[in-house]
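Hi,

Here is the structure I said I would pass on. Have a look at it first, and then read my notes below.

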Amino acid sequence: MKKFVNDPANFVKEMFEGIYLANKDKLKWVPEYNILYRADLPKDRVVVMQGSGSGHEPAHSMIVGPGMLDACCPGNVFAAPPMDYVYECTKILAKDNENGVLHLINNYQGDRMAWDMAREMAEADGIKVGVVIIDDDVSVTNSLYTVGRRGVAGNFFVIKAVCAAAANGASLDELVELGQKVNSRVRSMGIALSSCTPPAKGAPIFEIGDDEIEIGIGIHGEPGRRRDKIRPASEIIEEVFTAVHDDLPFQKGDRIALMVNGMGGTPISELYLLYGLAAKKAEANGLTIAKNYVGNYCTSLEMAGFSLTMLKLDYVIESLLNEPAEIPIRVF
Amino acid sequence: MDKLSQKQAELIVRTMADTAIRNEAYFSDLDAVMGDADFGVSLAGGFNAVLGQWEKFDMSSIGSFLLGVSTAITGNTGGCSGPVWGTLFMRCGMAFRGKNEVGLDEIIAALKSAIEGIMKRGGAQLGDKTLVDALDAIVKSLEKSLESGEPMMDAFKKASDAAVEMRETTKDWVAKRGRQSFTGDRSIGTYDPGIVAVGDMTKAITVALSQEG
């Protein structure tokens, strides 16, 4: 393994320290529980948090800020946050704020159980907690770590829409309803060219040949639909687009948001190449691309690969996606 | 002893931990028959964490203590056993918040809440051949004892006998939940490690409580 790490056991902690030091005026950091939260935590509205495992950056530790998450509490690399991380984070958010806390949870068994327990404990403290489960991956119906579909890059749209609505003062019930609505309209599927290496494991999480791709890869290297030989990009887009498009299904005339998400190790040049192909497919299918997203949103460490996400917009969701946001990841 | 003191509650948890750690290999062997042979290791890992974090628990009430135990168990027990056993302590901890002693009626209510929580968390039903069946036998026995006004220690002994009996009662059942269930009918004639663990723990608890006097 060749990585920029010290003791691999401290990988997540040191990453958090870096995020914190780059944003000391905007973020607060609780090292014991992997918690990052807004220094100017809102007290007059519902607050929103997300966790899941680390290794998917910028999700979720680098997307805490105005217009996006109020806090995050991820677990170790590819591991659900322990129940007490979620509980502690919920308590921090609920301090002097009776509007409630919204839990955004990707659909994995470990996450579901940890968040469920934390919610029970928080509710016993008198904290109002709402829950939205995200499961946008069309690749497989059940998988290594899930009953039902997996939550992958589509979580970005749930987070963005729900957090914008929270900032506008929506109630906990309204946010749960909105989150479920966005989740019900978003679909994703991923392709891997390479494996990835969690620092504490020190070895790739799966083997893949130089000329092979995994179709329908999960964001923790879980197997997808099948292993195949590498093919021209347009053929790969054809298959992925069709799988995503036909699942909802999207229909002629729909306004959509189209995302080509990098898995961490794909050059942005290739992501734009893929976007161009996907955009042409979308237009050929009578879809109007109202919003587009190209880059790393939900990664698997250094995995080379991408996922395609499509969201069916309506006026409300599109307006929320257009709201301003400010997070630690920036290019200006 | 008509109320369980906080000191006794601590003794119960310590006894459960000792039982889990002492039987690590045995519980894993039971799991190896039909499961993935990690139950003993997982459970011992969780209870080792409990003993390791003992000094850090908030001992202001039985409830705060058990909530600390729950957190240690959940975070340190491998596989799905973590949330399942964690829920047992969490629900009891919530029921005993602010209390330094609890009566049999309160213990029954807490265990009922724990069973409901575990069923929700793991999706198990009564009769699925999981530790829920053992916990249910305990509650039913305790309820009978409460009704007939038996002393708490007698109630505990009877409940323990009921839990140990479940080990044999359920032997010929088909496992419907957890790793054991993957083998379907082949689970008939085998012991469920979770049910055995509950029985062994309650047996050890009654011995420890009676020795403590």
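The largest nonpolar core has 167 residues, and the members that touch the most others in it are Ala71(A), Ala161(A) and Val162(A). Helix α4 of chain A (residues 155-167) is the top contributor to this core, giving eleven residues. The core also takes at least three residues from each of domain 1 (8-184) and domain 2 (187-314) of chain A. Bear in mind that this is a predicted model.

If you want to click through the neighbours of Val162(A), leave aside anything up to four places away in sequence, and you get Val48(A), Leu102(A), Leu104(A), Val132(A), Leu175(A), Leu178(A) and Gly179(A).

Now for the domains. Chain A is split into domain 1 (8-184) and domain 2 (187-314), and their centres, taken over C-alpha atoms, are 24 Å apart. Across the boundary, 25 residues of domain 1 of chain A are in contact with 30 residues of domain 2 of chain A. Helix α4(A) turns up here too: on the side of domain 1 that touches domain 2, α4(A) gives the most, with three residues. By type, that side of domain 1 has 15 nonpolar, six polar and four charged residues.

How many residues of chain B are in contact with chain A? Nine, and they meet nine residues of chain A. On the chain B side, the elements that supply two or more residues are α4 (62-76) and α5 (81-95) of chain B. Helix α5(B) has the largest share, at five residues.

One last stop in chain B is helix α8 (residues 152-169). The buried residues of α8(B) are Ala155(B), Phe156(B), Lys157(B), Ala159(B), Ser160(B), Ala162(B), Ala163(B) and Met166(B). Note that Lys157(B) and Ser160(B) are on that list as well. Among the elements that cover these buried residues are α6 (104-122), α7 (131-147) and α9 (193-212), which belong to chain B.

That's what I have for now.

Cheers

Conventions: Residues numbered from 1 in each chain as written. Chains lettered and ligands numbered in written order. Predicted model: local features only at pLDDT ≥ 70, side-chain atom pairs only at ≥ 80, totals over all residues. Buried ≥ 20, exposed ≤ 12 C-beta atoms within 10 Å, placed from the backbone. Helix = DSSP H or I, 4+ residues; strand = E, 2+ residues; numbered from the N terminus. Contact = placed C-beta atoms within 7 Å. Core = buried A, V, L, I, M, F, W, Y, C linked by C-beta atoms within 7 Å. Domains from an automatic or database assignment. Nonpolar A, V, L, I, M, F, W, Y, C, P; charged D, E, K, R; others polar.
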